[in-house]
Structure formats: C-alpha cells, structure tokens
Amino acid sequence: MILVHQEEKDLIQSLSKLGLEIVPVDLRDNRGGDLRWFAFSGEEIGAEVKQFPSGLLTDIKTERLTDQLVRMKEGFDIRILFIKGLPEISTSGKIILSYWKNNYDNRRTLERVETGWDWNSIMLYLFSSWWCLGTIPIWCPEGTLAGSIKTIYDWTQKPEEHGAWIKRLSKTTILNKPDILIEILAKFPDIGEKTAKEILRKK
C-alpha cells in the first residue's frame, strides 16, 4: 500500500493502473513528501516528486526543496527524490528549456532556450542532498515515473535484508557512477580530483 498526496491525481491514476494499492490522502504535514510506504523490513519510505526542469529548478532557487528534504530526513528512514524528465544540456554546460509556442497562424513550434542554470550546479546540489541528507535522486524520463515507483516499491516488499534493496536502490541513481561523482566532488573548493577519489573510497 502506498499513500499518495491527494493532489497528485495523474500519478494516483497511473499507479493504480499498474495494480498498486493506492490511498489518496492529504500529506501536507511537517514530514513532507508526495508518497509514503513501509518496506517489508519495517523502514518507512518518503518520496518527493519534482518535474524537470521547471519544478526542480524553481524549488532549488527558492530553497523550498531544501526545506522539504530536511523535513523528510527528520521524518523518514529512507528518502527518495523522483525527478520527472531528463536534462538537455548545451555545449556550454547550461540547461536548455524546451516549450511549445503558439504562432500567429495557429501553428505550434517547439522553442529551445538556453537558461542561466549550469548543469554542474544542479549535480552539486543533488550530490549534497544525497551526501548530507541521504536523499537518493532518481531520474525518470517522461512517461516512466509510475513504472519506476512500482519497481522500487516491489523491491522494498521482498522479504530480504534491509541492506540488499537499499544497495539496489542506490545503484539506480546517476550519482552512483564513480566518474560522475569524482567530477562533481572535484568542483568543490579545495578538493580536487585526488581528494575526491579518497572521499569516495570512504563513502
């Protein structure tokens, strides 16, 4: 059984179609999160869902996401951040925003605009959230969110050791790739590549 915030109507419908037992409730309390459920081994899991790029970038800028993740750390044993949509990055490393524009002749064209958001800064934020707050970021291409949630939910319902499904869950995040982690860590002040590798050995 998964508790889903009642305003996430599309997500509730998509998860229900996959055969999951969904209970729509008002989750606006001090713990936050759009979804909640218990693992077979007893851990309570809280998950936040953000649309990329609009929702995620806005909530990072206003610090709303940071506040949500801090509250989730205090309220749940396991925290997950599901991010809907994959990034499009320019050659200069900036996030590209795509949107449909209505023209004067009633035709729609897809516009692509380079934003001021640097891809590395997004990765640094997600890495910091994972490292400091234990929030595991999971990227979900459009149309795959419900399926990703079901897969992870099914993992947590198996009668196996806590560490087994946690390890499997951690491997699904882009931050699990050593080369990406080293690149991210090396950008912190006074760290560099050598220190980054040493830190990751201890992680």
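This is a predicted model: local features need pLDDT of at least 70, side-chain atom pairs count only at pLDDT 80 or more; totals for chains, interfaces and linings use all residues.
What does lysine 50 pair with? Glutamate 48 is one of its partners: the two form a salt bridge in which the closest N and O atoms lie 3.6 Å apart. Aspartate 59 is another, and its side chain meets that of lysine 50 in a salt bridge with an N to O distance of 2.4 Å. Through shared partners, the salt bridges link Glu48, Lys50, Asp59 and Arg64 into one network.

Now for another pair. The side chains of aspartate 29 and arginine 36 also meet in a salt bridge, 2.6 Å from N to O. Here arginine 36 is buried, with a relative accessible area of 6%, whereas aspartate 29 counts as partly exposed because its relative accessibility is 36%, between the 20% and 50% cut-offs.

Here are the salt bridges described above, side by side.

| Salt bridge | N to O distance |
|---|---|
| Aspartate 29 and arginine 36 | 2.6 Å |
| Glutamate 48 and lysine 50 | 3.6 Å |
| Aspartate 59 and lysine 50 | 2.4 Å |

How many salt bridges are there in total? The count comes to 9, including the one between aspartate 59 and lysine 50.

Note on methods:
Residues are numbered from 1 along each chain as its sequence is written. Side-chain values use heavy atoms; hydrogens and water are left out. A salt bridge is a side-chain nitrogen of Lys or Arg within 4 Å of a carboxyl oxygen of Asp or Glu. Buried means under 20% relative accessible area, exposed over 50%, partly exposed in between (1.4 Å probe, protein chains only).
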